[in-house]
Every structure is written in structure tokens, then in C-alpha cells.
Amino acid sequence: MKSQMIIYYFQQLKLFSLIVIGFSLFFMSFVTGHEPKLEAIGIFTLILIVSSQVGILQIFTSEPKTNSDLYLLHLPIEKSEIWLMRSFCGVITIVIYYTIINLLCLFNPTTPLIDLTIILLGSSSYFLSRSISVFAPDNIQAIFLSILAITIIYLALPSISFISNPLGLAFPVQIQLPYILVYTILSILLSYYFETKYFRKSIN
Amino acid sequence: MNLEIKNLKKMHSPDLGLRNFSLEARPGEVISILGPNGAGKTTLIHTILDWNEKDSGKVTFFKGQNFKNHRSAILQKVGFIADDPHLIEKLSIREMIDYIKIHYIFWDESYELELLEKFQLDEKCIIKTLSRGMKTKLSMLLALSYRPDLLILDEATSGLDPRARHDVLEMLVEYCSEYNKTLIYATHLLDEVNRIATKVILLNKGEVALEASMEEIQESIFSISVDLLATLEESSYKKIVSLNDNKELIQFNQNLDSIPPSSRECLNLEEIYFALTQES
């Protein structure tokens with residue numbers, strides 16, 4: 001039963017979650033110095049990201065609204081179990097996304113710590129965007145609010161501290177892993193709290 | 001008792017929502033929730049199903065279970081059909097059935113096949129290509145095939161043509177009477193209520209304006225003149241609403257023989273509905 005649901009969640013994973021995941025992963029890739037090998041690849045990647053996300057956004061917003069996810073309200077499954085399955089699918093998708101980027105060898109080699117940081121920040125962005133989507137009045141606002149919130153959090157919180165001597169494409173930064181861990185745990189708790197409390201809104 | 005609600009309150013704004021709603025739904029009962037738009041019908045159903053968080057009150061199912069602690073157990077025994085069916089549009093009918101049935105302990109495959117044949121649903125059809133009526137029938141199949149003890153409908157037949165509506169209602173009445181199940185049914189359609197309900201709850205502006213069995217509506221609710229009412233003992237009736245022409249709509253508790261039949265006017269459900277919702 002659960003395996004069938006998990007497969008379905010992968011198929012149903014919200015496009016906006018993918019957009020947020022993509023945005024946060026690429027953002028962090030650049031910020032942490034995990035930059036493209038060549039400037040041309042960097043520009044090409046950037047154009048690809050922007051155009052694909054605009055394309056996804058257009059498809060997403062032009063699709064007629066359906067009640068496809070509302071069937072979840074009927075199923076005899078605990079809310080926490082549904083949250084757990086969706087979260088599992090989301091995090092696995094982040095890891096797959098990041099692995100594909102690395103396998104394509106478009107970026108410079110990185111350290112395990114930076115890999116871990118990128119995945120943690122991608123995951124926390126994903127959970128944060130899910131929390132925001134519970135309250136956002138429509139999909140477009142949910143996407144823009146999520147990206148705005150993630151950008152502010154990355155730049156304003158002490159998870160990343162900028163250091164002087166900027167060189168190359170990437171910003172020189174120092175990552176504070178403990179802060180990032182706390183930030184990830186908080187975003188997970190926030191998502192769990194809002195999605196179980198406002199269950200109908202969270203799946204609509 | 002399949003459902004017990006005590007003093008349920010859910011307000012969306014100071015003027016919109018549901019106040020002090022109580023209900024006891026027993027096996028075999030068909031309860032119609034009537035009311036104009038904005039009366040609180042959908043708020044009530046969504047709050048019963050825990051889609052809305054209630055402001056106050058208590059909702060319990062099947063000997064004291066509540067959604068906070070027993071969501072999974074309750075939904076094994078509660079079926080819900082919305083006015084706009086909740087289906088996965090890209091799946092075929094067979095795929096949808098197979099996907100849903102794995103979640104239910106008591107899924108009855110022979111009943112599922114019986115309903116497929118009865119509703120003339122083609123298993124290979126993709127759901128998004130189905131008409132509204134066929135989608136409602138599929139929702140009904142999904143909600144009935146695990147033999148729920150309590151079935152809740154939110155204006156589920158409002159978009160159907162008369163033939164489809166008739167078939168669906170026949171099916172529901174048959175299911176409830178044959179298996180002694182409870183049906184709670186929010187609707188605008190008074191003819192449906194007359195046909196299938198055993199009990200009527202009329203909501204107006206978030207409050208219960210009338211709660212009575214169909215027998216009580218036919219036998220103990222009358223309009224009588226204000227002058228005659230003044231001669232009666234107050235304990236023998238309950239005033240429902242003031243009508244035009246110096247008359248009152250009342251529900252008698254006892255001693256009906258003391259009122260001459262010529263002095264009391266029996267109202268049908270439609271007249272009672274309009275009398276109680278006249279301001280809205």
C-alpha cells in the first residue's frame with residue numbers, strides 16, 4: 001500500500017516544489033563556490049534555469065484546476081503518515097536532482113561538506129515552500145513568496161557569512177553548518193505543524 | 001450511534017458560519033441538511049470531516065472516536081461524496097478503483113463489480129473524459145464499495161440530470177435501508193428530501209431553524225392564528241416562526257385533539273422552507 005502511494009507521490013510531486021528545489025540548489029551551488037567549470041556553461045545554465053522555470057510556470061498556471069489531490073481527504077491514513085510520505089518523496093527528489101547535476105560534470109568538484117550543505121539547504125527550502133503554500137492564495141504567489149523567503153533567509157540569517165576578497169563567479173562565503181542544521185530542523189517542524197493543522201489547505 | 005455532534009461552532013466571520021449545532025445520527029436514518037446558500041451546510045460537513053478546524057464543540061463517531069486520535073479508523077467507516085467529485089483525473093476508472101481500494105480493510109469486490117455494472121461505467125475510460133454524472137457515479141462506487149456505516153453527501157446530485165439523479169438516489173436509499181446505514185445529505189433540492197429523508201434539519205444563517213422527522217413535519221407542524229395560539233398552554237407547542245396574515249408556525253408536543261382541524265393548516269416542506277428562510 002505504502003509503496004504504491006510513494007510512487008504516486010513521486011509522480012504528483014508539485015511542480016512548484018521542484019521549482020523551489022531547483023532554485024535553492026542552483027543558488028547554493030553558486031554561493032558556496034561550487035560554480036560551473038566555464039563561464040559559458042554558467043551563462044548557459046542560468047539561461048536554462050530561467051527559461052525552464054518560466055516554461056514550467058506557464059504550463060503550471062495554464063492547466064485547468066482539478067481536484068486530483070483532494071482524494072487524499074477521503075483516505076483512511078493518518079495526517080502524519082501522509083506528511084511523512086510526501087516529505088520522503090520531496091527529499092529523495094532533491095537528492096536525485098543534485099546527483100544529476102554532479103553527474104553531468106557541469107560544475108567544479110566539491111567537498112562532502114558543501115554537498116551536505118546544499119542538500120540541507122535544498123531540503124529546508126522545500127519544507128519552507130510547503131509551509132508557505134498552505135497560506136498562499138494561489139500557486140503563483142506561493143512560488144514567488146517561497147523564492148523570496150528562501151533568498152532572504154539565505155542572505156540574512158547567519159547560516160552564511162560573507163568574507164572579503166571576491167573572485168570569480170561565486171561569492172566567497174563561509175558556511176555555518178550548525179546554523180544550517182537548526183534552520184533545516186525548524187523548517188521541517190514548521191511544515192509538519194502547518195500541514196497537519198491546516199490539512200485541507202495543504203493538499204489543495 | 002454513528003455520529004454525535006454537541007454544540008458545534010465554526011465561524012468564518014462574525015456573520016458567516018455555524019453556531020451551536022447538535023445532532024445524533026443513528027443507523028438507518030437518512031438526515032437531510034437543508035438551507036439556502038451561506039446557511040452553513042458545507043461548513044457543517046467540512047467541520048464534521050475535520051477539514052475545517054472547529055471553534056468549539058464535540059464531534060464523535062462510532063462510540064466515541066474522534067478525528068484527532070482515530071482519523072484512519074473513522075475513515076474506514078465513513079464515505080463522503082462531494083458536489084465536485086474528488087478523483088485523480090489522469091487515471092482510468094480501473095486504475096482509480098485499484099489505487100483507492102488498497103487503503104480499505106473491508107473493500108467488497110463483488111459489490112464493486114455490481115456497482116460498476118449498475119452504473120454502466122467502462123473501466124478503461126480515463127476519468128477526465130467522463131461526464132459530471134459519470135464522475136459522481138464513480139465517486140459513489142468508491143464511497144460505497146467499502147460498505148461505510150456513515151455516508152455523507154454534500155450536494156452530490158446537484159449537477160446531475162433528472163435520470164442520473166433518480167438512479168443515484170435509488171441506489172442510496174437501497175443501500176441505507178438494506179444494510180441499516182446512516183446517510184447525511186446536504187441539498188437544496190426539496191423534492192429529493194421529500195423522497196428519501198427520515199429527518200430534516202433546516203439551517204438558516206448558521207443556526208438550526210428546524211429539526212424534525214418527516215413524520216413530525218406531516219403530523220405536528222401547523223400554522224394557526226395568533227388568537228387561537230393565545231388560548232393554548234405554552235407547554236403544548238413550540239413556536240417556530242411568525243408567518244404573514246397574523247399566523248404562527250408551531251410544532252405541537254401533545255394534545256393535538258384540542259385544536260379543531262379546521263383551525264390548523266398543514267404546510268408542506270417547501271412552504272415551511274420558504275417561511276423559515278423568508279428574510280434570506
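The second largest cavity of this predicted model is lined by Leu73(A), His74(A), Leu49(B), Trp51(B), Phe67(B), Leu75(B), Val78(B), Gly79(B), Phe80(B) and Tyr146(B), a cavity being a set of points on a 1 Å grid over the protein atoms alone where a 1.4 Å probe fits but cannot get out, and lining residues having an atom within 4 Å of a point. Two or more of these residues come from each of helix 2 (67-75) and strand 5 of chain B, and strand 5 of chain B gives the most, with three residues; helices (H or I, at least four residues) and strands (E, at least two) are DSSP runs numbered from the N terminus. By class, the lining comprises eight nonpolar, two polar and no charged residues, where Ala, Val, Leu, Ile, Met, Phe, Trp, Tyr, Cys and Pro count as nonpolar, Asp, Glu, Lys and Arg as charged, and the others, Gly among them, as polar. The volume of this second largest cavity is about 60 Å³, a volume being the space filled by probe spheres set on grid points that are joined across faces, edges and corners.

Of the 16 residues that line the largest cavity, His74(A), Phe80(B), His86(B), Ser139(B) and Leu142(B) lie nearest its centre. In chain B, strand 5 (78-81), helix 3 (93-101) and helix 5 (132-144) each supply at least two residues of this lining, with helix 5 giving the most, namely three. The lining of the largest cavity divides into 13 nonpolar, three polar and no charged residues.

Residues are numbered from 1 along each chain as its sequence is written, and chains are lettered from A in the order in which they are written. Local features need pLDDT of at least 70, side-chain atom pairs count only at pLDDT 80 or more, and totals for chains, interfaces and linings use all residues, while side-chain values use heavy atoms, with hydrogens and water left out.

Conventions:
1 Å grid on protein atoms, 1.4 Å probe; cavity = no way out; pocket = protein on both sides within 12 Å on 5 of 7 lines; lining within 4 Å.
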